[in-house]
Amino acid sequence: MFHQFLWFSSMNEMDRRKRDNCRSNIRSHMMKSTTTLFVLVILFSSSSSLNVFALNYSTQYYKPVNSFRLARIERHLSKINKPPIKTIQSPDGDIIDCVHRHKQPALDHPLLKDHKIQRVPSSMPKRKEETKRVEEESEMMMKRRSSSDNVNGSSSSSSSHAWQTWHQSGERCPKGTHAIAYTGASEEVYGAKATINVWDPSIEVGNEFSLSQIWVLSGSFDSDLNSIEAGWQVSPELYGDNRPRLFTYWTSDAYQETGCYNLLCSGFVQINHEIAIGASISPVSSMSSNQFDITILIWKDPKVGNWWMRFGEDTLVGYWPARLFTHLTDRATMVEWGGEVVNSRLSGRHTATHMGSGKFAEEGFGRASYFRNLEVVDADNSLSSVAEVSTLAENTNCYDIKSFYSNDWGTYFYYGGPGNNPQCT
């Protein structure tokens, strides 16, 4: 088992080794190596029912679930499934169950036995005046832009926001319910935000995955890491197809016993009836054509202490209760943005599973995947652009990363690659 990392960071070598050792245990049930490429900003202060395995594997790409695994899936679902108020059939085959918010799986967690659902955060992160001014100028520039450059965040092709496929059915969950998809520093940090380009990367082996996400972290990588994660992911094993899907993940013990993806265990409290965590995202970006992205903000409620997630610029999804965590009950000490793939080393070689679009960073807008407008939330609940980042790639022949800054995209980076190739074996 081995690791490759590509990151933005200011961590020392000892911290890096600890992080690498921890990452080797991430999603340990998969028993395979992961290749992670991400942006890392370290600000040390010293720091449902969505099937685990999909029931509708596509025979064109993947083998069907065997009877033993299917029985295990059904036993798990019988424990976490809640009676739906309404069921919606998505055009992509997903089944969306609308469950009353007071009956959602999150509230089954022993630490949330007497939990009172927080309907809205006490306040939203404010924008510092300089950041607000730059963004207003950026919007004007984006509207006027008609020419392109190769790598520096501009293109004649459009960039638009992606949403969720199941909305195409025209149906919505009733208000008062949430949606569940059936198929998956010396400076203090209080949250992170980014806009993430969405693609549908090729997955070579059905039990590998490719994702792009934000990590909000605190604690020791050795034993008690607290992590809150959100982004998009393609995972045939988890969802049964190769569509990019909105996902969340959390742990309070370095991925050992606590936490899970999406709503596969109790913990994350969903308050929105228009978003299905684990549902597919549509449309997705096309090579040398239209680009689509999603914006995710994770931040700590300054009064209540829960960690909230917002999708887009105005859609509150839900929150991770502060009681789930140890270190994150106070603040985060590290933020990461980037991509990760599982490398099973089939036949003793590097996987050909793509990261991002499957193109290297140097190919720029319209071809390489990107994260843009990287921001963090500070102690006074203000959003500010990340001023400086560092990057590191352990094997740029497989996947790489290049960071930049511009007035319209702030701090941003292109990243990704094809994996296995004559230089990456």
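The model is a predicted one, in which local features need pLDDT of at least 70 and side-chain atom pairs count only at pLDDT 80 or more, while totals for chains, interfaces and linings use all residues. Residues are numbered from 1 along each chain as its sequence is written, and side-chain values use heavy atoms, with hydrogens and water left out.

Setting aside residues up to four places away in sequence, Asn 421 touches Phe 360 and Asn 397, where contact means heavy atoms within 4.5 Å.

Attention now turns to strand S10. Nine of the nine residues of S10 (residues 210-218) are buried, so this strand is largely enclosed by the rest of the structure. In a regular strand, side chains alternate between the two faces of the sheet. In S10, Ser 210, Ser 212, Ile 214, Val 216 and Ser 218 point one way, whereas Leu 211, Gln 213, Trp 215 and Leu 217 point the other way. Strands are said to pair if DSSP finds at least two bridges between them. S10 runs antiparallel to strand S11 (residues 226-234), to which nine bridges join it; Val 216 has Ile 228 as its bridge partner, and Ser 210 has Val 234. Eight bridges link S10 with strand S20 (residues 334-343), again in the antiparallel sense, and here Gln 213 stands opposite Gly 338. S11 is itself mostly covered, with nine of its nine residues buried, and seven bridges join S11 to S12 in an antiparallel arrangement, with Ser 227 partnered by Thr 251.

The structure holds 19 aromatic pairs, counted when rings of Phe, Tyr and Trp (its six-membered ring) have centres within 6.5 Å, with planes under 30 degrees apart taken as stacked, over 60 as edge-to-face and the rest as tilted. One of them joins Trp 250 and Phe 325 edge-to-face, at 5.9 Å centre to centre and 80 degrees between the planes. Trp 250 belongs to strand S12 (residues 245-251) and Phe 325 to the loop between strand S19 (315-320) and S20, so this pair ties together parts that are 75 residues apart in sequence. Both Trp 250 and Phe 325 are buried. For Phe 371 and Tyr 415, the ring centres are 5.4 Å apart and the planes are at 65 degrees, so this pair too is edge-to-face.

Finally, Val 377 in strand S21 has 0% relative accessibility and therefore counts as buried. Its C-alpha atom is separated by 4.6 Å from that of Gly 191, 186 residues apart along the chain.

Methods
Buried < 20%, exposed > 50% of the residue type's maximum accessible area, 1.4 Å probe, protein only. Helix = DSSP H or I, 4+ residues; strand = E, 2+ residues; numbered from the N terminus.
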